[in-house]
Amino acid sequence: MFCKLFGHKYEISRSVTYYVKEYKCCKCNKQLTTNSKGYLVDLTPKYKEINSILSKMHNKKQARLRREELLIAYKMTS
Ligand SMILES: [Zn+2]
């Protein structure tokens with residue numbers, strides 16, 4: 001009811017990647033997410049699934065980048 005009058009009040013509920021985030025309205029708990037084109041869409045079960053895959057890929061990539069950084073740092077010091 002409140003949201004119908006004043007609009008939703010979204011807060012970031014989860015960062016999936018740098019670009020993709022999940023949002024939740026703190027008044028009515030409606031959830032949104034950023035899709036691959038950068039638009040905000042309803043967080044449907046389909047998008048939840050996509051986001052969890054994205055999140056796994058993102059974490060893997062971050063771990064790989066960290067390893068590469070360590071390797072470069074190691075080469076520079078030896
Ligand atoms: Zn709302």
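This is a predicted model: local features need pLDDT of at least 70, side-chain atom pairs count only at pLDDT 80 or more; totals for chains, interfaces and linings use all residues.
I looked up the strands, which are DSSP runs (E, at least two residues) numbered from the N terminus, and found an open sheet of four in the order β1-β2-β3-β4, with antiparallel pairing. The edge strands are β1 and β4 (40-42), each of which pairs on one side only. From one strand to the next the twist averages 35 degrees, where axes are lines fitted to C-alpha atoms and angles run from 0 to 180 degrees between N-to-C directions.

**β1 and β2.** Two strands pair if DSSP finds at least two bridges between them, and I found five bridges joining β1 to the antiparallel β2 (residues 21-25). Y10 has C25 in β2 as its bridge partner, and R14 stands opposite E22. A hairpin of five residues joins β1 to β2.

I then checked burial (buried means 20 or more other C-beta atoms within 10 Å of a residue's own, exposed 12 or fewer, partly exposed in between, with C-beta atoms placed from the backbone). Strand β1 (residues 10-15) lies largely in the open, because the number buried among its six residues is zero.

**C26.** I placed C26 in the loop between β2 and β3 (31-34), and C26 counts as exposed because it has 12 C-beta neighbours inside 10 Å. Leaving aside neighbours within four places in sequence, C26 is in contact with K9 and E11, contact being C-beta atoms, placed from the backbone, within 7 Å.

How values were computed: Residues are numbered from 1 along each chain as its sequence is written. Two residues are in contact if their C-beta atoms, placed from the backbone, lie within 7 Å.
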